Amino acid sequence: MISCAEAVRQLWDYLDAVLDEVDRTTVEEHLRRCRRCCGELEFAVELRRFLARAGGEVIPTDILRRLNDTLEELGP
Amino acid sequence: MGPVHVARTDRTESFRTLVRGQLPRLYSIARSLVGDDAEDALQDCMLKAFQRFDQLSEVAAGPAWLKSILIHCCYDHGRAKARRPSQVDFDEAERFSLYRKIAYEDPFPYSDSLHLDFLQEFGREDVRAVLMRLPLLYRTPLVLVYMEGFLVKEVANMLAVPLGTVLARLHRGRKLFEKQMWEYAEESGLLRKDAR
């Protein structure tokens with residue numbers, strides 16, 4: 001089994017789905033057995049959700065109008 | 001009206017249709033990358049994209065193509081304001097773990113969900129303020145992957161850099177973000193009991 005330090009080092013790559021199959025299996029095996037790393041995993045998952053919730057800002061009406069005006073001014 | 005003029009009118013209308021459909025997403029990205037300069041960055045993006053519209057080979061590639069141009073416009077706007085990477089202590093950030101820091105400092109001693117409580121202290125504007133403390137180079141992959149939901153390989157294509165480069169910047173960006181979150185929480189009084 002890999003060490004906690006190694007598992008934590010690969011945690012975000014695991015969540016970002018960029019690990020190859022061998023590394024992914026190794027991390028999953030570690031997480032199944034290690035309660036300490038599970039806490040870090042839960043926090044990393046929450047931090048990802050937290051960032052996702054902060055995205056998707058709605059464009060204000062006045063800015064949208066000005067941008068559409070610029071679009072209309074473009075032409076042949 | 002001659003055939004050349006008709007063709008150029010069609011081209012302009014195709015461009016407008018493409019951009020109109022993407023404006024909400026483009027604004028959201030620009031706002032997270034350059035804050036109050038988002039509108040200016042988007043104006044620049046539209047002008048540059050229109051000048052280069054003939055280079056776009058297929059309409060389906062238009063949204064990704066626009067985002068790529070926008071990001072470079074954001075870089076132009078953010079460059080003057082951003083802290084240079086050399087001003088950031090990466091070694092210290094690399095050693096930092098927000099998870100361990102929260103557990104060690106135990107800012108909410110009566111909480112049984114300490115880490116979640118910490119995150120809940122941050123509103124959307126707090127998150128943006130923390131992001132703006134990061135160099136734009138490292139802020140960009142965080143915004144695109146975690147806030148806007150793009151895959152790492154899509155971000156690599158948008159930035160025209162290898163996948164490994166995006167992964168390295170993402171890693172550094174996360175570490176810097178975690179460290180800045182803690183510092184921001186301390187400076188803003190989010191960890192004080194009376195702020196809860």
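Contact is defined here as heavy atoms within 4.5 Å. The model is predicted: local features need pLDDT of at least 70, side-chain atom pairs count only at pLDDT 80 or more, and totals for chains, interfaces and linings use all residues. Residues are numbered from 1 along each chain as its sequence is written, chains are lettered from A in the order in which they are written, and side-chain values use heavy atoms, with hydrogens and water left out.

In chain B, residues 24 or more positions apart account for 72% of the contacts with a separation of 6 or more. Chain B has 10 helices and zero strands. Helices (H or I, at least four residues) and strands (E, at least two) are DSSP runs, numbered from the N terminus. The pattern along the sequence of chain B reads α-α-α-α-α-α-α-α-α-α. Of its 196 residues, 53% count as buried. Buried means under 20% relative accessible area, exposed over 50%, and partly exposed in between (1.4 Å probe, protein chains only).

Helix H3 of chain B spans residues 62-79 and holds B:Lys67. B:Lys67 is buried yet has no salt bridge. A salt bridge is a side-chain nitrogen of Lys or Arg within 4 Å of a carboxyl oxygen of Asp or Glu. The nearest side chain of opposite charge to B:Lys67 is B:Glu148, 8.0 Å away. For charge, Lys and Arg count as positive and Asp and Glu as negative; His and the chain ends are not counted. Beyond its neighbours within four places in sequence, B:Lys67 touches B:Gln22, B:Arg25, B:Leu26, B:Ile29, B:Phe150 and B:Met158.

B:Tyr75 also lies in helix H3 of chain B. B:Tyr75 counts as buried because its relative accessibility is 14%. Its contacts, leaving aside neighbours within four places in sequence, are B:Leu136, B:Leu137, B:Thr140 and B:Leu159. The side chains of B:Tyr75 and B:Thr140 are joined by a polar contact of 3.4 Å. A polar contact is a pair of N or O atoms within 3.5 Å; within protein, one must be able to donate a hydrogen and the other to accept it, and residues adjacent in sequence count only if both atoms are side-chain atoms. B:Tyr75 and B:Asp54 are 21 residues apart in sequence, and their C-alpha atoms are 23 Å apart.

In chain A, helix H1 covers residues 4-15. Its 12 residues should span 16 Å at 1.5 Å a residue, and the end C-alpha atoms are 16 Å apart, which agrees. The expected span is 1.5 Å times one less than the number of residues. The buried residues of H1(A) are A:Ala7, A:Gln10, A:Leu11, A:Trp12 and A:Leu15. They pack against helix H2 (21-33) and helix H3 (35-54) of chain A, and against helix H8 (136-147) and helix H10 (163-187) of chain B. Just after H1(A), A:Ala17 takes a positive phi of about 60°. A:Ser3 sits in the segment before H1 of chain A. A:Ser3 counts as partly exposed because its relative accessibility is 43%.

Chain A and chain B bury about 3,500 Å² between them, 68% of it on carbon and sulfur atoms. Buried area is the accessible area (1.4 Å probe) that two parts lose on being put together, summed over both. Chain A gives 33 residues to the contact and chain B 41 residues. Five salt bridges link chain A and chain B. One of them joins A:Glu57 and B:Arg128, with the closest N and O atoms 2.8 Å apart. On the side of chain A that touches chain B, the elements giving two or more residues are H1, H3 and helix H4 (61-73) of chain A. H3(A) provides the largest share, 12 residues.
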